Amino acid sequence: MEKPLAFHEVSAERWPDFERLFEAKGSPKYCWCMAWRASSAEAKEADDASRKAAMKERVCSGTPVGLLAYAGEEPVAWCSIAPRSTYRRLVGDQSADDGIWSIACFFVVRRLRGTGISRQLIAAAVRHARSHGAKMIEAYPVDADSPSYRFMGFVPVFAEAGFAEVGREGKRRHVMRLKLSSPRRSNK
């Protein structure tokens, strides 16, 4: 990679960059990262334009949705990191969502895949969630030979980042968690 990456939360001001990344060739414009977010009513509107509008509404209303990675001024990658409560059920255990943030998917432009950007996105997502008060981060990666859900990342990459497996969701997705320590307070 030529330029160091910068990471920024998707906000109303950054919507044009998010839109540019998601409308680029080979991008996930078919889902607009709504697969795990859509309400029942939104799920009935399964076309690209409806998904894009639903995501834009969330972004413009200030709902956390994730991070963009930039190489210079160009958005080159995406990580969906947000409070678990902003997604529809990612796990079936009915556990409380309080303090849990979820990493649900990644997208990296084709020319930069295999360069370690996913690892950088995970590290940026951990910093981001911690700065917003998360107590734990949960992810749902798959094994490298999985025929589906590959957009959720791979088990070894999360294990390298300190995540531990706590269960399975379905046949392919591993549930992995990283407990975040509380920020240390100064006695001064």
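Guide: Partly exposed lies between buried, under 20% relative accessible area, and exposed, over 50% (1.4 Å probe, protein chains only). This is a predicted model, in which local features need pLDDT of at least 70 and side-chain atom pairs 80 or more, while totals for chains, interfaces and linings use all residues. Residues are numbered from 1 along each chain as its sequence is written, and side-chain values use heavy atoms, without hydrogens or water.

Visitor: What makes R51 count as partly exposed?

Guide: R51 has 25% relative accessibility, so it falls in the middle class; D48, at 38%, is partly exposed as well.

Visitor: Why is the meeting of R51 and D48 called a salt bridge?

Guide: The distance from N to O is 4.0 Å, and the term requires a Lys or Arg side-chain nitrogen within 4 Å of an Asp or Glu carboxyl oxygen, so the pair qualifies. R51 and D48 are three residues apart in helix α3 (residues 48-60), and therefore about one helical turn separates them; helices are DSSP runs of H or I with at least four residues, strands runs of E with at least two, numbered from the N terminus.

Visitor: How do you know that R20 forms a salt bridge with D17, and how do their accessibilities class them?

Guide: Their closest N and O atoms are 3.4 Å apart, and both residues lie in helix α1, about one turn from each other. R20, at 43%, is partly exposed, whereas D17, at 18%, is buried.
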